[in-house]
Amino acid sequence: MVGKLCECGEQNQVGTELCSRCGNPLKESATDLINMRYEGTARRSQVYNKTPIDKAWQFFSSVKVGVWLIILLLLASIIGTIFPQEIYIPPNIPPSDFYKQEYGVLGDVYYQLGFNNLYNSWWYLLLIGLLSISLTVASIDRVIPLYKQLKNQRVTKHVKFLEKQRLLGITYIEEKDVDYTHAIERLQSSRYTVRKEGDNLLAEKGRFSRWGPYVNHIGLIIVLFGGMLRFVPGFYLDEVVWLRDGETKEVPGTNGDYYIKNEKFILEFYDENDPKYKEAINNAGGVVPKNYQTNAILFKNTGSSIPGVEPDLEEIKREQIRVNYPLEIDNYALYQVSYKQNEFESFDFAVTEKASGESFGKFTVDLVNPITKYQINETIAVELMSYLPDYELGENGPITKSKVPNNPAFAFNVIGPNSSEDEVSFLSIGQNLEPLGENNYKIELAGVKTRNVTALTIRKDLTLGIIGLGGFIFMVGLVQGSYWQHRRIWIQRFDEEVWVAGHTNKGWFSFQKELRNVFQNTGISVPIDQLEQRTRGKNGEEENVSAK
């Protein structure tokens, strides 16, 4: 595309506001000062708007789009803190039931919209990805033309460029030659880089501060990229495994390479009779836990990791896992996070004949791995027809809320010489029913065995280094853009006049103070703030109108 031809002969691109060679404003405006934010360069998003790629580029380069994406992410994150995330709710309750039971209709809506697992949801990841694209496109769209313009800027500028700068001073000088010696020395002592073309000067310093916002963007993009990597298998893991005393399980997320065994869970309390703790324990209203500890053994699977194949386990580490003292191996760390005392392990039942009262013996039901038939003696057997680990009476009959044996219920059928066709007994804690009529045999609870259960969190995070790097780069950009300023001073001779124009991206007051020191006793007038002068003029006019 061909843009406007400047009077200096430079052919500029469409969308260029200031001639890339002499700085002449290409958009006529009698009063407005020049907007120097992007040096008046043409950005790709302003030049091309025909193909779908152009339209997508224009969309994502918009600051408004980036701001709206940030607002949506913030709103989603805020809503995600209203109720606890799924990883923090009791593991023995289905999330759909938990949110509905605990928080009613709002909890159910919260779950249905996916806020219960917000940071792992596809749409939250999509928002992060769109924000990363927006930051990348917006940065490229602005930084490349800005870099080219600043790198190739000329010393001599068009008179309209100078007169529309915010700081401008004009000095009448009769001498043919102008001595800039003192001004140059003071500029150089203030760390300005000075370039000269004839009687024209360009002094510049702090250009690198202009890249601060884009360094911020790079850091933020790296942080977002690190966050997105958490969705990639192998980079991030945060799961919980529940282990009963004596139980061995595969460590989640290790692809069958590691197994963990809970030898014993230990819970210790502070001595309530100890004078050092007695007052604190009384204030707490009872016993206070002192130590949560899992005596664990870590195994390495030296055999095949194929599902269904018995692993060949080799002990590699023993550890006492306590709060804030994890078991660590490779990039994994196993933390003590929770426990459950006295979980039901097995129930003992006794079988008797009602008529004679004769006891035929006992059988034990393992609540984790029950079998379907128990042989009591040569003539009596008991068939387990149904087992509900977490019994609840639903709308359509008995159901189980979970696989954890919190409230076990059983349906037994006794097979014996005197049994009827329907010798069914339904037993739960506090209940012993014969739903199909009177039975000849009676099954009674004869004993309970319990054990402790520990909860270990398995964590692996290979993204922390990437996120930390992004955070460091972001802070570098923040310091770079906050504590330095890009300052430029143009000094040009027009016949018997010396024009001085100045621009800074921020810190105008300190910049004016610096200019006063530079031009003191040089015979060159200190530039005045045209914006401030215009503001005062308008206020004066308003006062005159009011007086009239």
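I looked up the charges of the chain in this predicted model. The mean positions of its 59 positive and 67 negative charges lie 13 Å apart. I counted Lys and Arg as positive and Asp and Glu as negative, leaving out His and the chain ends; each charge was placed at NZ of Lys, CZ of Arg, CG of Asp or CD of Glu.

Next I turned to overall dimensions. The C-alpha trace spans about 135 × 65 × 60 Å along its principal axes. The radius of gyration is 39 Å, whereas a compact globule of 548 residues would have one near 24 Å. This radius is taken over C-alpha atoms, and the globule rule is 2.2 Å times the number of residues to the power 0.38.

I then checked burial. Of the 548 residues, 40% count as buried, that is, under 20% relative accessible area with a 1.4 Å probe, protein chains only.

For secondary structure I noted 12 helices and 22 strands. These are DSSP runs numbered from the N terminus, helices (H or I) of at least four residues and strands (E) of at least two.

I followed one set of strands. Strand E7 (residues 289-301) pairs in the antiparallel sense with strand E6 (residues 258-269) over 11 bridges; pairing requires at least two DSSP bridges between two strands. Phe 269 has Pro 289 of E7 as its bridge partner. E7 also pairs in the antiparallel sense with strand E8 (residues 313-322), over 9 bridges. There, Ile 297 has Arg 318 of E8 as its bridge partner.

I numbered residues from 1 along each chain as its sequence is written. Local features need pLDDT of at least 70, and side-chain atom pairs count only at pLDDT 80 or more, while totals for chains, interfaces and linings use all residues; side-chain values use heavy atoms, without hydrogens and water.

How values were computed. Buried < 20%, exposed > 50% of the residue type's maximum accessible area, 1.4 Å probe, protein only.
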